[in-house]
Amino acid sequence: MSNVRVVGTGITPFGNVPERTGRDLFAEASIAAFEDSGVPRDDVEAVFYGNFMGELAEHQGHQGPLMAEAAGVRAPATRYESACASSGVAVRDAVYRIRSGEADVVLVGGAERMTNLGTAGATEALAIAADDLWEVRAGMTFPGAYALMAKAYFSKFGGDREDLAHVAVKNHENALPNEKAQYRSAITVEDALEAPWVSTPLGLYDSCPISDGAAALVLTSEAYAEENDLDAPVAITGTGQGGDRLALHDREHLARSPAARKAGEEAYADAGVGAGDIDVAEVHDCFTIAEVLAIEALDIEGVGEGISAARDGRTTADGETPINLSGGLKAKGHPVGATGASQIAEVASLLAGEHPNSEHVEDATTGLAHNAGGTVASATVHVLEVVA
Amino acid sequence: MSDERGVQDAGYDEWLDAVEDGNAFYLECPNGHGSLPPRRVCVDCGSTDLERVDLPETGEIETFTVTHVPTPAFEEDAPYATAIANFGSVRITGQIVGLDPDAVENGLEVEPKVTISETTDERVLGLEPV
């Protein structure tokens, strides 16, 4: 089976640009990805595009062809929607398309325009990823859902808000040199603990921001990369996806993410690696507790042990397995449809030694990207390796 | 909740009616798996033979949160407590009623109770301590 090379990546700055349209954001990301790749647009055979709330934010459905057009690509395009895992699933199908031999060159990515909705509007739009009848109508918000998981975690395994604050402090610290990050400001544990409540026990600094942004990747077959002498040392060598009941209350455990575990196991087996081989990972920290649940589900930490990982320095930039060196969703920002593709771009860049934080993982050869939708009713995991 | 034209959500609105009438129920397959309506297939075993069974009168709060940043539909209700209560074969997510949000704790016994949103006047599934 041919490896799928990451030959070009592009990420817009993530942040607060309410006036910019989704098509303009994706165009910027795609231009950067094509420039980075050296691949002509005419060679693209398919476009895989992730977006979650385009209907609500921009009154815009049918975004696949629109975004191919914005990128200057004439290939057929399909939009993927799996809430905040939208471009994670787009990447997965793009990988399958190349592996199957049906395509040699694809454009994959995602974009989200959110800040034009305002905080209340974006909160409402994000909530539609939950069960409308049985969760949203009872007043459950997305921060509320993760708060329910955090409280359940504390009850079952221990830990407290201060442990979560260390996750936020770490990710803000990681974002400092990342020019794409929305928040490039250091915070302290005290700042996090004193911030206003969003949904107890989660405060403002436990939550990722509302963000606008886009990410794009040019992926090719190994044969295409070699024939065209492309500088593309990193490949996606493993892909996995897991699913679960949509409503949190229907899960077997309220403080675990079995869909992420399934996705991780599948991706590890696919790549022929284990959790112990992972040198660096970008995981879906839409809330601080989400990073804890993710690293446990991925076997980077034992169940019930992930809560202390940031506090004790195991996942900090100089720790055993640095997590979210980009700043994560927490500090880099979370334009939801762009997040999964942006994580792949960050890991590829970290492994290629081109990331502002690459110095922390100089010997890294194997990385992981974990993207989650809803309260992890959808999850994708991709393993990336330096192969050339 | 009915939409602007008064169209209801079959199954769900009837379930709220049943709670208001004191006849709360869940759906059960022959293997004893519980679920909430509307549902035609048991997600645990694939059975399509689902029947109404009385919901136990009370459930126990397993986790809760006090929401300070609501969606627009709950603007006037915040801060409010949302909890997940375990009723045995099913869990239910509801808004705590009849108790100060700060007094909610895990293990509290609650019963389902339909309340009305202060923001929208729509029916909201609540959980009331007994």
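**Exercise 1. Contacts and overall form of chain A**

Task: In this predicted model, state what share of the contacts in chain A with a separation of 6 or more comes from residues 24 or more positions apart, and then describe the chain as a whole.

Solution.
1. Residues 24 or more positions apart supply 78% of the chain A contacts that have a separation of 6 or more.
2. Chain A has 388 residues, and 66% of them count as buried. The cut-off for this class is 20 or more other C-beta atoms within 10 Å of the residue's own.
3. The secondary structure of chain A consists of 13 helices and 11 strands.
4. For 388 residues the globule rule gives 21 Å; the radius of gyration of chain A is 19 Å, close to that value, so the chain is as compact as a globular protein of that length.
5. Along the principal axes, the C-alpha atoms of chain A fill a box of roughly 55 × 45 × 40 Å.

**Exercise 2. The three-stranded sheet of chain B**

Task: Give the strand order of the open sheet in chain B and explain why β2 and β3 each have one side without a neighbour in the sheet.

Solution.
1. The order is β2-β1-β3, with antiparallel pairing.
2. β2 (34–35) and β3 (51–54) of chain B are at the edges with a single partner strand each, which means that one side of each has no neighbour in the sheet.
3. β1 (residues 25–28) of chain B pairs with β3(B) over four bridges.
4. Within this sheet, Glu28(B) has Glu51(B) in β3(B) as its bridge partner.

**Exercise 3. The two domains of chain B**

Task: Locate the domains of chain B and characterise the side of domain 1 that touches domain 2.

Solution.
1. The domain assignment places domain 1 at 1–55 and domain 2 at 56–130 of chain B.
2. Taken over C-alpha atoms, the centres of these two domains are 19 Å apart.
3. In chain B, 11 residues of domain 1 are in contact with nine residues of domain 2.
4. On the domain 1 side, α1 (12–20), β1 and β2 of chain B each give two or more residues. The largest share, three residues, is from α1(B).
5. By class, this side has seven nonpolar, two polar and two charged residues.

**Exercise 4. Where chain B touches chain A**

Task: How many residues of each chain are in contact, and which element of chain B gives the largest share of its side?

Solution.
1. The contact involves 29 residues of chain B and 27 residues of chain A.
2. On the chain B side, two or more residues come from each of β4 (59–67), β5 (80–86), β6 (91–96) and β8 (123–129).
3. β4(B) gives the largest share, six residues.
4. The chain B side divides into 15 nonpolar, 10 polar and four charged residues.

Technical notes: Residues numbered from 1 in each chain as written. Chains lettered and ligands numbered in written order. Predicted model: local features only at pLDDT ≥ 70, side-chain atom pairs only at ≥ 80, totals over all residues. Pairing = 2+ DSSP bridges. Contact = placed C-beta atoms within 7 Å. Nonpolar A, V, L, I, M, F, W, Y, C, P; charged D, E, K, R; others polar. Domains from an automatic or database assignment. Rg over C-alpha atoms; globule rule 2.2 N^0.38 Å. Buried ≥ 20, exposed ≤ 12 C-beta atoms within 10 Å, placed from the backbone.
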